[in-house]
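Welcome! Please take a moment to look over the sequence and the 3D view before reading on.

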Amino acid sequence: MKRGLIACALLVLSASSYAAMPPSAALCGSCHGSQGQGVDPLGPRLAGLSSDYIAKQIKLFQTGKRQNATMQPMSMTLQGDAVYAVADYFSSFDVPIVTPHLRGEKAVYEDPTEQLVYQGDWQRVIPACVTCHGPSGLGVGEFPRLAGQQASYIKNQLMAWQKDTRSGDQDGVMGAIADKLTSAEIDALSKYFAELK
Amino acid sequence: MKVSHLSWLIISLSPSLLVQAEELPDKQTELVAKVKQVGQAYLVPRDLSSIPQGEFGDKVRLGYQLFVNSQQMRDSYVGNNLNCSNCHMDAGRHANAAPLWAAYFAYPAYRKKNDKVNSYEERLQGCFTYSMNGTPPASGSKELVALSAYSYWLGMSGLMDQAGITTAVAELSDSDLIKGGKREDMLLPEAVKTAMTQPERAALPGKGFPKIAAPKLAYSPKRGSEVYQAHCQSCHGADGQGYESAGVYSLPPLWGPQSFNWGAGMHRVNTAAYFIYENMPFSKSVQLSNQQAWDVAAYINAQERPQDPRFTGDIKQLKDKYHKHQGYYGVSVDGKPELGSKAYGNNPKRSD
């Protein structure tokens with residue numbers, strides 16, 4: 001069964017112009033898609049994330065700062081250069097182009113979710129998501145792309161920050177923000193970003 | 001002969017250029033910072049959704065838009081990658097992050113230094129010249145009117161709410177807007193007038209950045225580099241140049257050609273330390289120790305950046321005249337050339 005999946009993944013790849021899949025990435029592909037496109041709800045999309053970000057997450061799983069029953073053993077199969085080979089491979093795939101919405105295009109957002117995304121809620125010291133995650137959540141530096149990510153995954157992560165089963169953020173910045181979000185806001189934000197494609 | 005004649009003509013046609021060539025006014029005179037009070041209540045401006053429709057409301061909204069996306073003025077008035085909202089948190093609404101609502105009611109302000117009364121628009125022009133390393137919009141321009149209107153509306157709506165007045169903020173003429181709110185003839189609702197004196201309105205709690213105590217050890221860029229790596233680098237980059245996505249540097253550069261210049265208030269170590277201690281890491285506030293804030297402020301400000309626009313060729317002269325404060329302009333750190341000697345250009349084009 002696993003072999004079949006790998007063979008299938010290789011077949012898909014051979015038709016594309018992307019880099020060849022490193023052998024160590026084959027296992028990842030079974031839940032994340034052979035081109036990192038994501039398999040909802042098994043595994044989030046990896047395409048569109050930076051190589052640095054993916055590599056850092058693998059290490060966070062390995063050290064238990066991100067707790068996930070599947071990913072902890074899976075991440076341990078990657079050691080040394082394999083971490084970067086896998087990260088480079090999955091980050092090389094393109095994702096749909098999203099025309100970014102820039103701050104300042106609007107002063108007033110009627111939708112409270114959009115207001116959180118583009119202006120935040122500073123009465124609760126929640127900054128705009130796009131400050132760190134980039135315009136329309138396209139991702140920047142160490143901050144992952146949110147646009148087009150699976151809603152179920154974003155929701156699980158925000159809850160993981162709240163439950164302290166995910167950490168590794170600089171000075172707990174993301175954890176502190178997630179702690180302030182209501183469950184309704186988490187649902188709405190997850191849906192909002194997932195639909196930005 | 002022909003060339004010099006032509007250049008004379010150009011200068012005579014641009015009086016603002018002539019003034020700049022002579023001497024730039026010191027519009028970024030240091031504010032008197034105050035210590036933050038525990039349990040202090042701050043002015044809360046109204047939600048942007050209550051900005052009225054119509055011409056006046058459009059000016060207020062434009063002010064907001066220029067403030068959060070200052071890059072729409074790139075190559076006209078802005079000469080670096082910064083947006084006003086990089087330092088003024090929550091688009092100039094957040095207390096202790098130099099809120100616009102507090103600044104507006106502190107101008108016009110008499111400055112002993114140049115024996116001149118500076119209007120609010122002149123203060124804004126200073127931001128363009130120094131913090132944005134650009135060329136300021138002209139007096140009365142739509143940009144300065146809009147930024148003044150936004151500041152006024154934030155401040156006045158907060159003062160009115162505090163005084164229990166729920167009506168719309170009164171519209172002001174453009175020429176009044178750009179003066180600032182600290183005027184005898186300022187239009188104020190009676191309840192606002194009686195709630196506070198003019199000096200009280202000019203010193204609203206949360207204005208500027210809160211003062212912190214002097215460090216126990218003299219601040220050190222060397223120790224600061226360790227603080228930087230541990231707490232700042234993930235957002236601002238190992239090279240301090242920030243990160244860009246879709247053309248926007250919401251994680252701003254802190255030094256180098258795309259950051260604020262040697263004349264900006266933030267280049268002073270104390271101002272940066274106050275800002276950092278209170279506002280960094282982003283949205284966490286007060287995570288660093290007093291010493292760490294001072295040290296990292298020193299580290300950031302002991303790096304080369306765009307030239308002080310008042311520079312006329314002599315670093316020492318400029319240092320003696322304008323840099324008698326806690327800063328590194330004209331100072332050699334770690335045996336390197338004195339800072340300012342390799343400064344970057346003023347108001348470069350994006351393509352430069």
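This report goes through the chains, their domains and the contacts between them.

## Getting started

Keep in mind that this is a predicted model.

In chain A, the domain assignment gives domain 1 as residues 2–91 and domain 2 as residues 112–194. Taken over C-alpha atoms, the centres of these domains of chain A are separated by 23 Å. Where they touch, domain 1 of chain A contributes 16 residues and domain 2 of chain A contributes 16 residues. Together the two domains of chain A bury about 1,400 Å², and carbon and sulfur atoms give 40% of that area. On the side of domain 1 of chain A, the residues that lose the most area to domain 2 of chain A are A:R45, A:Y53 and A:R66, together 38% of what that side buries.

What holds charges together across this interface? The rule finds one salt bridge between domain 1 of chain A and domain 2 of chain A. Sorted by class, the side of domain 1 of chain A that touches domain 2 of chain A has five nonpolar, six polar and five charged residues.

## The two domains of chain B

Chain B is divided as well, into domain 1 (37–201) and domain 2 (221–322). The C-alpha centres of these domains of chain B lie 24 Å apart. Their contact takes 16 residues from domain 1 of chain B and 22 residues from domain 2 of chain B.

The area buried between the two domains of chain B is about 1,500 Å², with 56% given by carbon and sulfur atoms. In domain 1 of chain B, B:N81, B:M89 and B:Y130 supply 39% of the area buried against domain 2 of chain B, more than any other three residues. The count of salt bridges between these two domains of chain B is zero, while the rule finds seven residue pairs in polar contact, both residues being at pLDDT 80 or more.

## Where the chains meet

The size of an interface is often given as the accessible area lost when the parts come together. For chain A and chain B, the buried area is about 2,600 Å², and carbon and sulfur atoms give 63% of it. In this interface, 32 residues of chain A are in contact with 29 residues of chain B. Within chain A, A:R103, A:W122 and A:D171 lose the most area to chain B, together 25% of what that side buries.

How many salt bridges are there between chain A and chain B? The count is zero. Polar contacts between chain A and chain B number eight residue pairs, with both residues at pLDDT 80 or more.

## A cavity to look for

Searching the whole structure turns up one cavity of 30 Å³ or more. The space in the largest cavity is about 30 Å³. From chain A, its lining includes A:A107, A:V108, A:Y109, A:Q115 and A:Q119, and from chain B it includes B:D47, B:L48 and B:S49. By class, the lining of the largest cavity has four nonpolar, three polar and one charged residues.

Methods. Residues numbered from 1 in each chain as written. Chains lettered and ligands numbered in written order. Predicted model: local features only at pLDDT ≥ 70, side-chain atom pairs only at ≥ 80, totals over all residues. Heavy atoms only, no water. Domains from an automatic or database assignment. Contact = heavy atoms within 4.5 Å. Buried area = accessible area lost by both parts, 1.4 Å probe. Salt bridge = Lys/Arg side-chain N within 4 Å of Asp/Glu carboxyl O. Nonpolar A, V, L, I, M, F, W, Y, C, P; charged D, E, K, R; others polar. 1 Å grid on protein atoms, 1.4 Å probe; cavity = no way out; pocket = protein on both sides within 12 Å on 5 of 7 lines; lining within 4 Å. Points joined across faces, edges and corners; volume = space filled by probe spheres on them. Polar contact = N/O pair within 3.5 Å; in protein donor to acceptor, adjacent residues only side chain to side chain.
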